[in-house]
Amino acid sequence: MTATVPSITTTAARAVLASKLYGKGDTEVRALDGVSVDFDRGQYHAIMGPSGSGKSTLLHCIAGLDRLTTGDVWIGDINLNTLNEKQLTRVRRDHIGFVFQSFNLIPTLTAIENIRLPMSLAGRDPDDEWVDRVIETVHLADRLQHRPSELSGGQQQRVAVARALASRPDVIFADEPTGNLDSKASAEILTFMRQAVDEFQQTIVMVTHDPIAASYADRVVFLADGKIVDEIRDPTPDTVLAVIRRLGD
Amino acid sequence: MWKVTWKGLLSHKLRFALTAVSVVLGVSFMAGTLVLTATINATFDDLFAGIYEGTDAQVRGIEPVDAQFGPGSAPRLPVDASALDVVRGVNGVAVAEPFVAIPYAQVVDGAGDPIGGGVGPPTFGQSWVDNEDLNPFQLVPGSEPPGVDDEIVIDKGTAKEGGIAVGDRVDVLSLLPTKQYTVVGIAKFGTQDSQLGASVIQFTLPESQRINGMAAADYSNIGVVADSGVTQEQVRDNIAGAIADTNVEVLTGKELTEENQNEVAGFLDIFNRVLLVFALVALFVSCFIIYNTFSIIVAQRTREMALLRAIGASTRQVTTSILLESIAVGVFASLVGFVAGIALAAGLKVALDAFGLDIPAGDIVVPPIAFVLSFAAGLIVTVVSAMIPARRASRVPPVAAMRDVAIEHRHGFGYRIAIGVFVTVGGAALMLFALFGSPGNAIYYLGVGAVAVIVGVIVVGPVVAVPVSRVIGWPLPRVRGIVGDLARENALRNPRRTSATATALMVGVSLVGFITILAASTKASVADTLDAQLRTDFIVTGGSGFGVPLSPAIGDEMAALPELGAVSPLRFAGAAVDGRGEFMTALNTETEDELFDLGVSRGTLGSLDVDGIALSTSYADDHDLLIGDTLDVVFPATGLTSVQVRALYQGNDLGLTGKLLISIESFDAHYLPEQRVDFFVLARLAPGVTTEEGAAAIERVLEPYPTAKLQNNAEFRESQEATIAAFVNLVYALLFLAVIIAVIGIANTLALSIYERTRELGLLRAVGTTRRQLKSMVRWEAVIIAVLGTLLGLVIGFFFGWSVVLALEEDGFSSFDPAPGQLVIIVIVAGIAGVLAAVFPARRAAKLDVLKAISTE
C-alpha cells in the first residue's frame, strides 16, 4: 500500500486546451496549440510526432516539469496550475514516475538506492514486498548493489523503470526510453512496461518516434505543429507507419 | 590557441573571477606588506634626516656591552663634562652644545592618565638645546625656552591632545615622583606637530640630568656645528684627535643619521619578513584553489579537448591552451592584487595615523621590488597550480569526443601513499632533529621539516580523505536521510578534488592549531613556573607586561613599610658573559626563602654579595660550569669584571628570574645609574598583617607614581596571560587571510562542481527533491569538506605544538596543554565556515531550472 490517496477520477492525467508559446509577435513559436487530451488509468499511451511537433513539450508540461502559457493540466484531480514550486515538486515525487532517454540514475547511489530514491526523499518507508516484486519483474535481483557505472545501458533503463514503478505513481512518463538501447534491450524494457500496465494497472504515457515501441501501447496520439492530428487504438507497427506516412503528405 | 583560450575565458567570466579572487587576496597581502614597510621605512628615514639635519658631528660615549635586548640593556657611557671645553676649542668647531636624553618622561593629567604619545609612539624627554641647527624643534610664537628648572617646553602634538597652553602648569611623570612644571613653550618638529607622534618634553640641562640621576658632570652627548667651509669629516677627525678619552667616540652627522636609519630598517626588515611569511602561506593556500578550478575546467571541457585533438591539435597545443588561460588569470589577478595591496597599505597608513602616529602627509612609497615580487608570486602560483590539470587535459584521448567517457584516474594510489608517507615521516624527522639535535640554523630545518610534513599529508590526502570523510559523514544518513547520504557520497566520489579543497583549509588550521596549543602550553607553563618560584602576596608592575620601569625609590620605600615582611625589586639588564650576550636578573638576595623558591641546589643566594653570581642548572650544564668557577663579565659601568659562581638553582626563561642571577648590590655596582630601574617589586605581608592593610600601605607609596600598578598573584598571572593572548590574537589575524581563502576555495569548488553536476541535479529535482533538500545536500557536502580539512589540520598542528613544547621543556615549558576546549571550538567554527561557504553554491543549485538541467549536454 502506498501512502497516496487513490484518485476518484478515471483519468490519470489530462490536458485541457493546453498551449505553450515562446517569443512574441513575429518570432512567436507555438510549441503547443490548444491541446486537449485525456490519459485514462491502467492504459499504456504513446505520443508520437516529428521533431518540433510539441510531443516533448506536452510531456514536460503534463509531468510538472514546465508550465503552460494557457490551459490546464491535471494529475489525477490535482490541477498543476494551482500549485507553487514546492507543491509541484511534491507532486512529482509522490504521484509521477519518470524514465528519461538517458542519464536516469544518480551515479553515487546503488541500483537499489536509486529505486528507493523518491520514497527516501519523501522520508517514507518503502513497501518492501512491492519493491521486491518490481525488482523481480525487471529481473534485477542480482544487480542491486551495483552502481550505474557498473551496469549496461539496458540494465540502467531497467533500474529506471523499477524506480518509476516502485513508488506506485498515478502515471509514469517515459521520454524516448528506448532511444539509446539496442533492439534486444528495447524489447525488454517495452515488455516490462507492458507488463506493468497489464499486471499492476499502472498508467504509462510514453513519447517515442519508434513505431515498434509505439506498437506496445494501447493507444497512440499523434502530434504535429503543436496540435493533435490523429489517434489510433490497439496499434501495430504497420498501422502506426501508415498514419505517419499519411501525415507526412 | 590564443583565440580558443580568450573566448573560453570571456564566456566564463564568473569562473574566471572566482579563480582570480584567491590569488588577488594573497598578492594584495604581499604587495601591501612590501609597500607599507617601504613607506614606514621612508618615513623614519626622513625623520632621522630631519633630526640630524643641522648636526655636523656628535661626540658620545661608547656602548660598553654589545647586548641587544630589553630596555636599558645597551646604554652608552656618558660623556664627561670636561670634554665640552676641549671640543669647543677644536679647529673647525663653530658651536658645541651638551645634550641629555631622558628615556622616559610623560605628561599626565589630573587622573594620572598619560597625555601624548598615543598607543605606539614613545614618550621621552631631553634637555633644551638653544641652537637652531642642533635642535630640530622650533618654538611657536609666544613660546620661550625653559629658563629655570621647573619650566618645560612640550611638543605641539602633546599640547593639542591635553589642551595645554603656554603658561599652564602640568604634572610630569618620570622615574622620579611626579613633579609639576610650567609650560613656557610649545614646539613643532619642522612642519609636523611632533616626531611621528612621539611626545617629547624639553627641560633645562640641569633638570634633565637630575631626572636621569646623572652627575652634573655628565652629558649624554655633545652636538657640534662646524664652521662654514669645514666638512663633517674634517671636523670629526679634528675632534677625535683632540680627545684622548677611549670611552668616547665621534661621528659625523651623516653617519649618525645612517646609523639610526639602519637600525630602524633592520627592525622593519624583520617585520617585513614575518608578514611575508604569512602572505606566502596565503598564496600557498591559493595554489589549491587554482588547482581545483583548473581540474574542474579540464574535466568539463573533456569533449572539447577531445575534439581539438581529433581534428589535429597536438598534446602540447592542448596543454598550452590551458596554461595560457592560467597565465591570463595570473596576470590579471596579480595586477589587481598589486593595486589592491597599495590601497591596503594606504588604508593601514591612515589606521596608524588614527593610533597616534603623526605621519607626514607624504606619499606611499612603492618600491619596484614590491611590484616585481608580488606580480611574480601571483603569476607563478597560478601557472604552477594549473600545470597538473593542463597535463591531464592533454591526455584526453581524441575518441572521447564521440563517447560519453567519464575519465576517472583511479590508478596510482599505492604510489601516492608511498611518496606521501615518506615525505611526511621525513619532514617530521627533520623537525625533531631541528628541535632536539640542536644543529646550527635549526630554524631552517624546522621550517623545511614543517613544510615537508604539510606537503606529505597533502600528497596522501586523497587516500586519507575517503575513510575520514566516511567517518565524519557517518551520522548524516541517519540524521538527514537520503539527502545526507547523497551529500556524503558526493564528498567521497572524487577524492582528489575533495582532498585538494580540504587540504587548503588544513594548511591554515594546522598553523592555528599549533599557535593555540603553543599559547595554551605557554600559559600553563608560565603559571606553573610562577606558582613554583614565587611566594609573594603582591607584585608591583609598571603597567602591562614589561611596560614602564619603576623608580628604585618605590622598592626602597616599600622595604621600609612595617606592613610588609619581605620586599625585593627585580631588575634586568644585559651583560657579556665569557663573550656571549646574556640576560642578567637582579634581586634582593636576603629575601631568598621568603619571596622565592628557586630550587637552589648548591650554595645559597645570600652568599652572592657584590662579586658573586648564581646560575640555573641548565645554563651551568650547557656551559660546563661549576660552583667556584670564575666568569669574565663585561658590565656597562665597570667593564671587564670577574664574578664567581656561588649558587645553582632551577631557573628558566619563562619565570621571572631567568638563568643568571646577581644581587641588587652587585647590580648597583656594575650598571649605569639610568639602568637602576625596577621592572617588578615583589612583596610579602608581614605576619599578622591583613591583605587589605598591606595593599593600602603599598598604594600610599605608589601615589606619586601613577603608572605603577599593584597586583596580587592571581591578577599578575592574568595580565601575563593577557599578553600571551594578545600575541596569539595577532597571529590569528594574520592567519585569517589564509583561512578565508580556503573557505572561498570550498565555495568555489562547490559552485563549479554543481555546474558540473547540472544534469544530475536536474534529475533529482525531477523525481521530487525539493529546493530545500538540494540546498541541504550542498551544505552538508561543504561541512564534510570543511571538517575534514580542519581535523587533518589539527592533527598536524598538534604534532607541531607537541614537538615544540617538548623541545622547550628545559627552557621552562613544563606543561603541555593541548587546549581541547579550544580545539573543539575550532572544529565547530570549521563546520560553520562550511555552511557559510555553501550559501552561494546551494542557492545556485536550488535555482536550477529543472527542465534545462535535465536537457543539459
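## A salt bridge in chain A

The side chains of D94(A) and R124(A) form a salt bridge, with N to O at 3.3 Å; the term stands for a side-chain nitrogen of Lys or Arg within 4 Å of a carboxyl oxygen of Asp or Glu. D94(A) belongs to helix 2 (residues 85-95) of chain A and R124(A) to the loop between helix 4 (117-122) and helix 5 (128-137) of chain A, so the pair ties together parts that are 30 residues apart in sequence. Helices (H or I, at least four residues) and strands (E, at least two) are DSSP runs, numbered from the N terminus. D94(A) is buried at 13% relative accessibility, while R124(A) is partly exposed at 24%. Buried means under 20% relative accessible area, exposed over 50%, and partly exposed in between (1.4 Å probe, protein chains only).

## Basis of the values

This is a predicted model, in which local features need pLDDT of at least 70 and side-chain atom pairs count only at pLDDT 80 or more, whereas totals for chains, interfaces and linings use all residues. Residues are numbered from 1 along each chain as its sequence is written, chains are lettered from A and ligands numbered from 1 in the order in which they are written, and side-chain values use heavy atoms, with hydrogens and water left out.

Over all chains, the whole structure holds 32 salt bridges. One of them joins the side chains of E760(B) and R493(B), N to O at 2.9 Å. E760(B) lies in helix 21 (residues 758-766) of chain B and R493(B) in helix 13 (residues 475-493) of chain B, so this pair ties together parts 267 residues apart in sequence. E760(B) is buried, at 4% relative accessibility, and R493(B) is partly exposed, at 25%.

D678(B) and R571(B) also meet through their side chains in a salt bridge, at 2.6 Å from N to O. D678(B) sits in the loop between helix 18 (664-670) and strand 24 (680-685) of chain B, and R571(B) in strand 17 (residues 564-577) of chain B, so the pair ties together parts that are 107 residues apart in sequence. D678(B) is buried, with a relative accessible area of 0%; R571(B) is buried too, with 5%. In chain A, a network of salt bridges links E28(A), R30(A), D33(A) and K227(A).

## Where the chains meet

Contact (heavy atoms within 4.5 Å) involves 22 residues of chain B and 25 residues of chain A. The two chains bury about 2200 Å² between them, 67% of it on carbon and sulfur atoms; buried area is the accessible area (1.4 Å probe) that two parts lose on being put together, summed over both.

Across the interface of chain B and chain A there are 3 salt bridges. The side chains of E85(A) and R771(B) meet in a salt bridge at 3.8 Å, N to O. On the side of chain B that touches chain A, the elements giving two or more residues are helix 13, helix 21, helix 22 (771-807) and helix 24 (850-854) of chain B.

## Confidence

pLDDT is the predictor's confidence in each residue, from 0 to 100. Chain B has a mean pLDDT of 84, and 93% of its residues reach 70 or more. Over residues 69-73 of chain B, pLDDT stays under 50, and the model has 10 contacts beyond four places in sequence for them. For the complex, the predictor gives an ipTM of 0.80 and a pTM of 0.81.
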